[in-house]
Amino acid sequence: RPEPRHLTISVTPTFAAKWLLPRLPDFTSSHPEIDLRIVASDRLSNFQTDAVDLAVRLGQPPFGPGLTAELLFEQIVIAVGSPHLIARLGRPDDQQNFSKYPLLHDAHNFWPRFLEMAHMAPSISPSHKSIRFNQTALAIDAAIAGQGLALASRIFVEADLAAGRLARAFPDELRMGSDFYLVSPRRARHPDSVAAVRKWLADTI
């Protein structure tokens with residue numbers, strides 16, 4: 001049996017937890033020859049010193065000289081909550097009901113901009129209950145558990161919406177201008193593996 005081809009991909013923790021990990025069985029069955037190593041981090045990757053071959057990052061091109069960037073998916077932010085919580089407290093897009101909902105914040109702090117776009121209160125009252133997380137994935141899990149409303153990229157909650165674990169809290173969608181890109185050096189160390197993973201990601205999205 002030939003030696004597996006190694007490839008290290010750096011992704012954000014939420015992308016890893018909510019999108020990549022559930023799809024890994026498909027990748028490993030499609031590409032058993034590639035030994036995929038996943039590094040989950042929000043910090044920028046250095047392709048030389050970190051030995052990273054491929055990265056998924058939120059941003060806007062250009063990402064730097066010597067790099068190639070391909071749009072993976074647009075960031076479209078939506079508000080979600082547990083269907084049971086929404087049934088109990090009433091539709092959150094009603095101003096009176098909205099004040100009953102705890103807001104689940106992540107490091108992006110999109111809530112003020114989202115509420116302004118949705119024509120709700122221009123600012124969140126200081127008395128409004130809030131819970132803060134450093135990762136979007138944790139805010140999503142808290143929303144599934146009925147602890148409040150979370151904002152997340154639509155692609156990260158599509159499976160939970162389809163399964164009925166989450167429901168849309170508002171019909172509005174917030175487009176941020178920064179999207180998710182697949183970034184790699186123009187001169188890849190493992191060009192065949194990089195090309196295979198790029199194609200799989202593009203086809204799976």
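Which side chain meets that of Arg 175 in a salt bridge? To find the partner in this predicted model, select Arg 175 together with Glu 74: their side chains meet in a salt bridge, with N and O 2.9 Å apart. Arg 175 belongs to strand β10 (residues 174-175), while Glu 74 sits in the loop between β4 and β5 (76-81), so this pair ties together parts that are 101 residues apart in sequence. Show the surface at Glu 74, and it can be seen as partly exposed, with a relative accessibility of 43%.

**Further salt bridges**

Side chains of opposite charge can pair when their charged atoms come close. Across the whole structure, a search finds eleven salt bridges.

Next, select Asp 35 and Arg 37, whose side chains form a salt bridge with an N to O distance of 3.8 Å. Asp 35 is partly exposed at 27% relative accessibility. Arg 37 is also partly exposed, and its relative accessible area is 41%.

Then move to Arg 91 and Asp 93. Here the closest N and O atoms of the salt bridge are 3.7 Å apart. Asp 93 has a relative accessible area of 32%, which means that it counts as partly exposed. Arg 91 falls into the partly exposed class with a value of 38%.

**The backbone**

The remaining stops concern the main chain. Most residues other than glycine have a negative phi, and most peptide bonds are trans. Where does the model contain a cis peptide bond? Select Pro 61 and Pro 62: the bond joining them is cis, with omega at about 5°. Pro 62 is placed in the loop between β3 (54-59) and β4 (67-73).

Select Asn 109 next. Its phi is near 55°, a positive value in a residue other than glycine. Asn 109 is found in the loop that runs between β6 (103-105) and α4 (111-117).

Notes: Residues numbered from 1 in each chain as written. Predicted model: local features only at pLDDT ≥ 70, side-chain atom pairs only at ≥ 80, totals over all residues. Heavy atoms only, no water. Helix = DSSP H or I, 4+ residues; strand = E, 2+ residues; numbered from the N terminus. Salt bridge = Lys/Arg side-chain N within 4 Å of Asp/Glu carboxyl O. Buried < 20%, exposed > 50% of the residue type's maximum accessible area, 1.4 Å probe, protein only.
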